[in-house]
Amino acid sequence: MAFSLLTTLLPERCLICSGRERVTRGICIRCRSLIRRLDAPLCEICGRPVGTPGVCLQCLKNPPPFDRMVSACVYEGLIQDIIHQFKYRRGTVFSKFLAGLVAESLSADSESPDMVTAVPLHWSRLMQRGYNQSMLIARELSGYIGGVVRYDVLHKTRKTPSQVGLPKADRERNLERAFTAKGVEGRSVVVVDDVITTGRTAREISRALKRAGAERVVFASVGRTVS
Ligand SMILES: [Zn+2]
Ligand SMILES: [Zn+2]
């Protein structure tokens, strides 16, 4: 009794450093400060850091199939370690924290989406890993921003070899029509990914969602690689 009272009175410990200083969603203020946000101004569509506010030249010239892409932070250092743990070592304790970061970066979107989903894994990969890491974030995210979590709107129809090390032309072909979508007609959808690198997966999935009639597609990731 005395012990349980004590643990509820003491502040929560940080999942990373075990510190107790201003811990929110499992992470303390000091560890949070090690996470680098993308430098504003960001393109209103693709979310890349660009020199001036508004829509970047690339998006103007060649509008992407999604309506908006948002990333919570730069994929480096501590956040890279957390995502890696989360993905390969069942570090699922981090899902609330990661979803919180994504929710903060989405705050400019004032309306709740109709649904929240995640980049799907091929079923064989899902069997192997046991969970879809991005879907865990999607589930928590819907608690913060609203929208129904949907596990069944996106499917990866074939297994694609890793993009890493493939020549550029092959990478485009590698993902072509690798995804299908259903049940999204007239709906606004937020799709969660852990890391966005080239954005090819995001474009391919957004095309699939738009083909299936989605009205608005927002891609939201925890990390993004910036060069
Ligand atoms: Zn900490
Ligand atoms: Zn842009």
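Trainee: Is Asp 194 buried or exposed?
Mentor: Asp 194 is buried, because its relative accessible area is 4%; buried means under 20% relative accessible area, exposed over 50% and partly exposed in between, with a 1.4 Å probe and protein chains only. Before going on: this is a predicted model, where local features need pLDDT of at least 70, side-chain atom pairs count only at pLDDT 80 or more, and totals for chains, interfaces and linings use all residues. Residues are numbered from 1 along each chain as its sequence is written, chains are lettered from A and ligands numbered from 1 in the order in which they are written, and side-chain values use heavy atoms, with hydrogens and water left out.

Trainee: OK, and where is Asp 194 in the fold?
Mentor: Asp 194 belongs to strand E6 (residues 188-196). Strands (E, at least two residues) and helices (H or I, at least four) are DSSP runs, numbered from the N terminus.

Trainee: What does the side chain of Asp 194 make a polar contact with?
Mentor: With the side chain of Lys 87, at 3.3 Å. A polar contact is a pair of N or O atoms within 3.5 Å; within protein, one must be able to donate a hydrogen and the other to accept it, and residues adjacent in sequence count only if both atoms are side-chain atoms. The backbone nitrogen of Asp 194 also lies 3.4 Å from a polar atom of the Ser 134 side chain.

Trainee: Tell me about Ser 134, then. Which residues does Ser 134 touch?
Mentor: Not counting residues up to four places away in sequence, Ser 134 touches Ala 118, Val 192, Asp 193 and Asp 194, where contact means heavy atoms within 4.5 Å. Ser 134 sits in helix H7 (residues 133-145) and counts as buried because its relative accessibility is 1%.

Trainee: Switching to the metals. Which residues are the protein donors of the zinc ion (ligand 2)?
Mentor: Cys 43, Cys 46, Cys 56 and Cys 59, each through SG, lying 2.3 Å from the zinc ion. Donors are N, O and S atoms within 2.8 Å of the metal (3.2 Å for Na, K and Ca); water is not among the atoms, so sites may look incomplete. The spacing along the chain is C-x2-C-x9-C-x2-C. Cys 43 and Cys 56 both lie in the loop between helix H2 (29-32) and helix H3 (57-61), so the pair ties together parts that are 13 residues apart in sequence. Both Cys 43 and Cys 56 are buried.

Trainee: And which donors does the zinc ion (ligand 1) have?
Mentor: Cys 14, Cys 17, Cys 28 and Cys 31, again SG atoms, at 2.3 to 2.4 Å. Their spacing is C-x2-C-x10-C-x2-C. Cys 14 is buried, at 3% relative accessible area, whereas Cys 17 is partly exposed, at 40%.

Trainee: How buried is helix H5 (residues 95-105)?
Mentor: H5 is mostly covered, with 9 of its 11 residues buried; Phe 97, Leu 98 and Leu 101 are among them. The buried residues of H5 pack against H2, strand E1 (68-74), helix H4 (77-88), H7 and strand E7 (216-224).

Trainee: Last one: how many helices and strands does the chain have?
Mentor: The chain has 9 helices and 7 strands. Of its 227 residues, 45% count as buried.
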